[in-house]
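Me: I would like a close look at one part of this model. Please take it step by step, cut-offs included.

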Amino acid sequence: MVRKRLRKVALTVFLVIIAVIFIFPLLLTVSNSFMSEGEIEENYRAVYADSVLSSNNTGARRFVNLKLIPDEVVLKQYYTVLIKRIQFLFMFWNSVIIVVPIIAGQVAVGSLAAYAFSKLRFRWREQLFFVYIVVMLMPFKVTLVPNYIVADRLGLIGDYRAIILPGIFSTFGVFLLRQFMSYVPDQYIEAAKIDGAGHFYIFSRIVLPLVKSGLAALAILVFIDNWNMVEQPIIFLQDAMKLPLSVYLSNINKGAIGVAFAASTIYMLPIILVFLYGENYLVEGIQLSGIK
């Protein structure tokens, strides 16, 4: 019993340390967003210094001052981001325009394809699903060039559809929802067929309500993945005003590091809210899907 308690305490302490390591950068970003430019420059002077030695030539090494509590709470950075720099709001809505159709499309397409792979019987079903898995395991850089060639042939370069269409037909959604639908008993399907129900009725009235946690998990994962996309907009979008916030964020801190902290806080706020709202769905979805 003593050994079990010690192991439990040690595991708890280890997990707390890991949680603090992951949460600390977020807390630091939020706290720095409320600091004045002078305080931030003083805390991070070593980052911008030409030398790691202090200016008084004492030979003492300078370090960054990581503070979680500002000396004075300042909202000027948020005013600059939300009011003075209107580009930030443009890029924010650019991200929404890209991400929302991808989420809706991938949930719709993925659920239909997953129903076919899990509940319909047709020739070469397992082999075709294996191809889906192979495509899903391919690195993103491998499919980027073929996507660009197809988009160029269709005249979609510079258009949001060059990013949205490949995102909608991603294989990940099919894989995730197929794992969920495999847990739906086939007896439900057979009973509905005996009562005269067709596949659309079975899919919409029986299967989808039983896998709503999987749909929510897929929507959350797709949102997080595409909200942070960088490579696709850089390659497919030629107009700088069409770029999403994830790309624009790297250029917003020129000459004002405090503004960068404020913009980063606003940028990660939707992800945090979505995760907190759908945490239970996400955990249940990952457990039932068998994803490690």
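What do the buried residues of α1 pack against?

Reply: This is a predicted model, so local features need pLDDT of at least 70 and side-chain atom pairs pLDDT 80 or more, while totals for chains, interfaces and linings use all residues. Numbering runs from 1 along each chain as its sequence is written, and side-chain values use heavy atoms, without hydrogens or water.

The buried residues of α1 pack against α2 (37-43), α4 (76-84) and α15 (257-277); contact means heavy atoms within 4.5 Å. Leu28, Thr29, Ser31 and Asn32 are the buried residues in α1 (under 20% relative accessible area, 1.4 Å probe, protein chains only).

Helix α1 covers residues 2-32 (a DSSP run of H or I, at least four residues, numbered from the N terminus). Its 31 residues should span 45 Å, and the end C-alpha atoms are 44 Å apart, which agrees. The expected span is 1.5 Å times one less than the number of residues. Yet α1 has a kink of about 35° at Ile23, shortly before Pro25 (the angle between axes fitted to the seven residues ending there and the seven starting there).

Asn94 counts as buried because its relative accessibility is 8%. Beyond neighbours within four places in sequence, Asn94 is in contact with Tyr160, Met241, Lys242, Leu243 and Pro244. The side chains of Asn94 and Tyr160 make a polar contact at 3.1 Å (N or O atoms within 3.5 Å, one able to donate a hydrogen, the other to accept it; sequence-adjacent residues count only if both atoms are side-chain atoms).

Technical notes:
Helix = DSSP H or I, 4+ residues; strand = E, 2+ residues; numbered from the N terminus. Buried < 20%, exposed > 50% of the residue type's maximum accessible area, 1.4 Å probe, protein only.
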